[in-house]
Amino acid sequence: MFMSTSAKSLIIRINFIFLAFFLVVYVALLLYPSASDYHRRAASLVRCSLLECHHKNENGIMMKAILEESINVNKLKPRRELIKREKPSFLNNIGYGMKIGMINMDDEDVSEWREHGQIVHVSFEKVPEQFEWKAIFPEWIDEEEEYSGSRCPEIPMPDWEEYALMDMIVVKLPCKKPEVGWNRDVFRLQVHLAAANAAVKKGRWDWKGRMKVVVLSKCPAMVELFRCEEVVKREGEWWLYRPEMWRLEQKVSLPVGSCNLALPLWGKGAINERYDISKIKSMTEKPRKREAYVTVLHSSESYVCGAITLAQSLIRTRTRRDLLLLLDTSISEPKRVALSRAGWSLRFIKRIRNPRAEKDSYNEYNYSKFRLWQLTDYDKLIFIDADIIVLRNIDLLFHFPQMTATGNDAHIFNSGIMVIEPSNCTFRMLMHRRKEIISYNGGDQGYLNEIFVWWHRLPRRVNFLKNFWSNSSIEAAVKNQLFGSEPPKLYSIHYLGLKPWLCYRDYDCNWDIADQHVYASDDAHRRWWQLHDAMPEELQQLCRLSAQRKIELEWNRKIAGQSGALAGNCTDGGIAVARVEIEGIEEEHGDREVGGKKLEMEGKDSTFRVHAAEESGVID
C-alpha cells in the first residue's frame, strides 16, 4: 500500500517543525546562562546594590566575588542557633493537651514543650531601639487640653484576632541588669504588656479567675504587672505566676504610660465636656473592701499639727474610709491623744533606716514609709503626706491600682499622694533592695520610683504642689486663683517649703527667705489657716508656735527686711502689700500687736493691712 502525496507532505512538515524546535532549544542552551546562574547574578545585584560593590567580567573572579558576598551577608545575618535549655520540672504538674502561647521565645528550642500541647508563637513588631522611656513617661503633658491635649506613642501589640484561646502563656523577658536604666527599657515593657494582654484577651482563666503565666528571665517580672505574691513556683530563671486576672485586666486598660491621664479631666465628645466620673464614683462611694487613708509620723513631732489638719480635712469631705496613722515612740502621749481625737487610728511602728543616709540627717529614717506595705489587713491604701490638706472628696482614687500618683519631675511620680496595695512580699522586696537602689533625692520618693517605674498619672489637681518654678506673674495669678477658689477647684494642696503651722497666720513666712520664695503663696497659706480655724479649739492648741520658733521667725523677718527681700514679696490683685516690724506677740498661734494694739486683718484677701499699725506710725 502506497501513501498519497499529501500524506507524505504532512509528515515532512511535522519533522521540520520538531527539528526546528530542538534546534532553538539547543541554541538557547548554548547562548544563555543557566537559571541558577541567573538567580546568583540577581542575588548578587541586590546585595551589591546595598553594599555598593561592582561585578567582575572574568568568570572566575565573579564567582569568587559572589562567594565572598554570601559570606559577608552571612556575617551580617548570622544563622540563629536555638538556645537549648532544660524545661522547668513544675511543668509536669501543670497538665497536658494545652494550647501554649509563646512570646519572645523565637530563639529558644521549645521542642520539649510539645509533649504538653500545641505551641503557638505570638508575634509582634519590636519597638525600635530609638524609642526612649521619656516618650511614654514625659515630664509634662497637656492635662487641661489647652493646646492639642496629651497623646501616647503606640507600642505595637500582636493582632489578637489571629489567635485562639490559650491555656498558658510562656514569655521570655529582656533583662539588661545591671546596666544603667535597665528597668526603664521600652522593649522590656513591651514584652510585659504583650504577655499581660495575651493572658487577659486570649487566656483561659481557671474558676478562681487566674491564669498560668511562665516567665523566663534572670530578673523578676515587673511588680507593677505581675505581683511578687503571685509567684507560685521558681526554678532558676523559670518563674510560674498565677496572676489575678481582674487586676491585670484593669492595668492593661489604662494608658501605656504617664503620657496620658488615668483619670482624664475632659471627655472625648463635645468641646468643654467634662470626663464622666459617675461610674467610678458609684463604684467607690461605699467601701467594698478594706480601704483606708494613711499617713506616717516618725522621728520628731514637727508634723503633728499637719497630721491633725489633714485628718480634719478628710473628715470634712465625708469619706467613709478608715484613717490610719503610723507613728513611732518619738510622738509624746499628749500628742498621741490629740491625733486620736483628730480622727486617726494609731498604729505603732519601728523605724526603718536609710542605709545611705548620714546620721541625724533629715532622711535618716524616711524608709519607714515602707511599713505601709505591711498593713495587709487592708486591700488598698491611699497614702497622703502630713503637709497636705484635702479640699474635695478623693475616694474615687481607690478605683485605681498601685502605683497611681501625680507627676513630679522627668519620668518620676510624686509620692505625696499615691495608691498602694499592701503586700508582705512587696515589703520584703523593698527591704531587700535598700543597699542596691540609689535614690535620686536620698529619700523614699526616689527609691520607690526605681521600684515602680510603670505608674499611672493622676491630674496634678489631685496633689497640687505649692510652688512657683517659673517665677512669672502669669503662673502666680493662675495658681493663686486655684489655691483660693471657692468652691475648691483643687482636690488637695501640697505645702512645699516652710509649712503653714510654722508661720504666723497673717502671711506665708516663705517670703522671709530668698531661696524659699518659690514656695510662697498667701492664698494657699490663707486656705490652710481657714481649715485650722474651723477645727475644735483643743486641736488648734497643738498648732501653736513654740518660743524657739517665734525667735526664728522674727530673726528671719529682720534679716529679710535688712536685705530688701521683702520688697514686693506679696501681691494680691497686683498691689504690693507692705510689711511691718513686730514689737509684740499676743497669741502663740499667730495674732500680733503693734504699739499695744492688736493687728486686724482687713478684707477677704487678708493681706495684713492693719489700722493699728497705721495709727502707731509703724507704716509710713
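**Reading salt bridges and a sheet**

Q: Which residue forms a salt bridge with D387, and how far apart are the closest N and O atoms?

A: Side chains of opposite charge can pair when their charged atoms come close. Here a salt bridge is a side-chain nitrogen of Lys or Arg within 4 Å of a carboxyl oxygen of Asp or Glu. D387 pairs with K499, with the closest N and O atoms 2.8 Å apart. The two link distant parts of the chain, 112 residues apart. This is a predicted model: local features need pLDDT of at least 70, side-chain atom pairs count only at pLDDT 80 or more, and totals for chains, interfaces and linings use all residues. Residues are numbered from 1 along each chain as its sequence is written, and side-chain values use heavy atoms, leaving out hydrogens and water.

Q: Are D387 and K499 buried or exposed?

A: Buried means under 20% relative accessible area, exposed over 50%, partly exposed in between (1.4 Å probe, protein chains only). Both D387 and K499 are buried.

Q: Where do R549 and E552 lie?

A: Both sit in helix α14 (residues 547–563), 3 residues apart, about one turn of the helix. Helices are DSSP runs of H or I, at least four residues; strands are E runs, at least two; both are numbered from the N terminus. R549 and E552 form a salt bridge at 3.0 Å between the closest N and O atoms. R549 counts as buried because its relative accessibility is 12%.

Q: In which sense do β3 and β4 pair?

A: Strands of a sheet pair through backbone hydrogen bonds, either parallel or antiparallel. Pairing requires at least two DSSP bridges between two strands. β3 and β4 pair in the parallel sense over 5 bridges.
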